[in-house]
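Visitor: I'd like to learn how to read some features of a protein model. Could you take me through them, please?

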Amino acid sequence: NSFLGGEDNVAEVIQSGGNGNSLVSQQSSNNEAYVEQIGTGGFSEVFQGDLTSPQGSDNFADVTQTGLNRSFVGQGNGSRNSTTVVQVNDTAGPANVSRVSQGDFALGNDNTAAVVSQDGSSNESFITQSDTLGLGGFNSADLSQTGDDNFSQITQNGTLNDASVTQTGDDNSSTVNQTGSGNTATVTQGS
């Protein structure tokens with residue numbers, strides 16, 4: 001499925017094999033979405049822009065999934081939102097889960113970016129970036145998980161926040177909560 005409305009929207013979905021599901025809904029401004037799913041039981045949803053107002057701006061989403069992966073990308077009203085999600089699961093194990101929700105859904109003053117890369121089985125990642133405080137919304141998040149059974153959650157609200165999490169190996173867990181201005185967090189965990 002693909003629902004396009006408003007300006008220079010581009011959507012491309014390539015699915016191969018299994019129960020590939022994909023929904024792309026884009027409205028307002030220069031939105032782009034690329035989704036590629038290969039494997040079984042695939043799931044991907046991309047919503048970009050605000051569906052009730054003309055605030056959408058230069059949203060971008062790229063989702064690549066191989067194996068038994070799942071994904072969700074939000075990006076509500078905001079400005080220069082960007083998302084890249086790569087999930088690889090080349091085994092018959094449980095699916096990886098990645099959720100990215102960006103935008104304050106109220107102030108529309110965000111410059112957010114999120115990059116998520118997961119390799120292995122049963123990895124979970126939740127990234128939520130917003131600026132409900134009205135500080136400017138220059139949030140950024142970078143996550144990479146390699147191995148199995150890793151968990152990471154990043155929540156950022158405010159401006160000039162930065163979070164980078166690298167987890168390598170199995171059974172790592174990380175939670176980052178940042179609120180306000182000028183916060184920086186770096187988490188690196190080994191095998």
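Visitor: Is Asp171 buried or exposed?

Guide: Asp171 is exposed, with a relative accessible area of 58%. Buried means under 20% relative accessible area, exposed over 50%, and partly exposed in between, with a 1.4 Å probe and protein chains only. This is a predicted model, where local features need pLDDT of at least 70 and side-chain atom pairs count only at pLDDT 80 or more, while totals for chains, interfaces and linings use all residues. Residues are numbered from 1 along each chain as its sequence is written, and side-chain values use heavy atoms, leaving out hydrogens and water.

Visitor: Where is Asp171 found, and what is its phi?

Guide: Most residues other than glycine have a negative phi. Asp171, although not a glycine, has a positive phi of about 60°. Asp171 is found in the loop between strand E14 (162–168) and strand E15 (173–181). Strands (E, at least two residues) and helices (H or I, at least four) are DSSP runs, numbered from the N terminus.

Visitor: What about Asp149?

Guide: Asp149 is not a glycine, yet it has a positive phi of about 60°. Asp149 is found in the loop between strand E12 (140–146) and E13, and at 42% relative accessibility it counts as partly exposed.

Visitor: Which residues does Thr159 contact?

Guide: Contact means heavy atoms within 4.5 Å. Leaving aside neighbours within four places in sequence, Thr159 is in contact with Leu135, Gly136, Gly137, Phe138, Asn139, Gly180, Ser181 and Gly182. Thr159 lies in strand E13 (residues 151–159) and is buried, with a relative accessible area of 6%.

Visitor: How do I read a cavity?

Guide: Rolling a probe the size of a water molecule over the atoms shows where empty space is left. On a 1 Å grid over the protein atoms alone, a cavity is a set of points where a 1.4 Å probe fits but cannot get out, and lining residues have an atom within 4 Å of a point. Grid points are joined across faces, edges and corners, and a volume is the space filled by probe spheres set on the points. The structure holds one cavity of 30 Å³ or more, and about 40 Å³ of space lies in the largest cavity.

Visitor: Which residues line the largest cavity?

Guide: Among them are Gln15, Ser16, Gln37, Ile38 and Gln65. Strand E2 (10–16) and strand E4 (32–38) are the elements that give two or more residues to this lining.

Visitor: How many strands and helices does the protein have?

Guide: The protein has 16 strands and zero helices.

Methods:
On a 1 Å grid over the protein atoms alone, a cavity is a set of points where a 1.4 Å probe fits but cannot get out, and a pocket is an open set with protein on both sides within 12 Å along at least five of seven lines; lining residues have an atom within 4 Å of a point.
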